[in-house]
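Colleague: I have the sequence and the model open side by side. Please walk me through a few places in it.

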Amino acid sequence: MRDHDRLTLALVLDSFGNRGNGTSNSAIQYAQGLEALGHRVRLVGVGSTDYPARVHRIPLVSAVAARQQMSFARADPDLFRRAFAGVDLVHIYEPFAFGRAALSQARSMGIPVTAGFHIQPENITYSSGPLRYLPGVDAAIYRLFRFWLYDHVRHIHVPTQLTADLLRSHGYKACLHVISNGYQPRFNPGDRYERDRYERQRSGRLIQVVASGRLAREKDHLTLIRALALCRNRRRIRLTIAGTGPMEHRLKAEAAWQLDGMQVSIGFHQNATMPDLLRQADLLVHPSIADLESVSVLEGMACGAVPVIARSILSAAGHFALTQHSLFPVGKAQALASQIDWWVDHPDALAVWSSRYAEHTKEHYSLDASVRAFAHMAVQAVSDQEPGRV
């Protein structure tokens, strides 16, 4: 089989249609990109217009998942048989019951299967209260995911080298394909550089600090709020935290207490409005403790926002930094405050690095390049299962 051959692929994910969830958003973008290349794609899961699944409600667990903008799909053999009839490859995004049932059905039909690793165990434990303090709990979840799904497929898509390194350290043996989730071309600077010439000359202009992502404990937006309270330039800053999640009320309360007098907006933004918001941003602060990639950082950089990213051993986002002033030690509010103050004090550097980040992101992380690499992986997986191949 050759790379230019056209495939029919089934993408299996518990829940589609939620643009606020990174995995769902990436799957939809990949489906659109694959179809643009001439492949045929079937989406299988809750919210799909192709092959919709029913919601599977799990006591307690579903309520916690809903706060993370996730839901679980009910396994349905008849749905899988219809969805997989005539497909060349089934790609499974998550290792939960729906994905495992899809694996079993595809195997019974002789269809090759690949998988993606998009659920970081550390994200689960950080949202599980006291559970995260149990010794070895993260390693146990990595092993459970292997047992459920990843030991049973030959090719795994991982978004970053950090993800690959984490999986290897936990005994994953499959062929790992490092492919960025990418970002859509609608995230671009637009006319920001023409506007910036005039904005930088306006005295009293507020510096726009934006953070984007789920409002969850491991995303650590509390450190951002505490850092801004320590900034020398706090009166010159406006803060927007775009997202929703279980920490929303706590973050609003913390901001009201610590950032009195600062213009602050915390809450959900429609995905369609995010490019305009990010084009207005001077700084994109990403204080997250655990991230397999963080597409929100790519989207911000693509729009010309200069990132300030937490350096964490559990987060790949720090690898996006191109200058030391775009990094700070994870969880250290004073260090983050110092970096924010540096950028506010150096508007010319802010303008230069804005352009550099936008150009670098376009060159290295475009969705088109990612989709082509994913299609190459799919072709390789199908070829592996052709008669005469080992």
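This is a predicted model: local features need pLDDT of at least 70, side-chain atom pairs count only at pLDDT 80 or more; totals for chains, interfaces and linings use all residues.

Modeller: Residues are numbered from 1 along each chain as its sequence is written, and side-chain values use heavy atoms, with hydrogens and water left out.

Colleague: Which strand is H157 in, and is it buried or exposed?

Modeller: H157 sits in strand β6, residues 155-158, with strands (E, at least two residues) and helices (H or I, at least four) taken as DSSP runs numbered from the N terminus. H157 counts as buried because its relative accessibility is 2%, where buried means under 20% relative accessible area, exposed over 50% and partly exposed in between, with a 1.4 Å probe and protein chains only.

Colleague: What is H157 in contact with, beyond its sequence neighbours?

Modeller: Leaving aside neighbours within four places in sequence, H157 is in contact (heavy atoms within 4.5 Å) with several residues, among them Y30, H91, H118, H177, N181 and F374.

Colleague: Switching to helices, how do α9 and α13 pack?

Modeller: Helix α9 (residues 221-230) packs on helix α13 (residues 333-345) at an angle of about 60°, with the axes 8 Å apart; axes here are lines fitted to C-alpha atoms over the stretch in contact, and angles run from 0 to 180 degrees between N-to-C directions. That makes α9 oblique to α13, since angles under 35 degrees count as roughly parallel, over 145 as roughly antiparallel, 65 to 115 as roughly perpendicular and the rest as oblique.

Colleague: Which residues of α9 and α13 meet there?

Modeller: On the α9 side they are T223, L224, R226, A227, L228 and L230, and these meet A333, Q334, L336, A337 and I340 in α13. The residues of this contact of α9 with α13 divide into eight nonpolar, two polar and one charged, where Ala, Val, Leu, Ile, Met, Phe, Trp, Tyr, Cys and Pro count as nonpolar, Asp, Glu, Lys and Arg as charged, and the others, Gly among them, as polar.

Colleague: And at what angle does α9 cross α10?

Modeller: The axes of α9 and helix α10 (residues 248-258) cross at roughly 5° and come within 10 Å, and α9 and α10 are therefore roughly parallel to each other. H221, L222, I225, R226 and A229 of α9 make this contact with R250, L251, E254, A255 and Q258 of α10, and its residues divide into five nonpolar, two polar and three charged.

Colleague: How many of the residues of α9 are buried?

Modeller: Seven of the 10 are buried, so α9 is largely enclosed by the rest of the structure; the buried residues include H221, L224 and L228.

Colleague: What about the backbone at D220 and S294: is phi positive or negative there?

Modeller: D220 has a positive phi of about 55° although it is not a glycine, and it lies in the loop between β8 (207-212) and α9. S294, not a glycine either, has a positive phi of about 85° and is placed in the loop between β12 (290-291) and α12 (295-302). D220 is buried at a relative accessible area of 12%, and S294 counts as buried at 10%.
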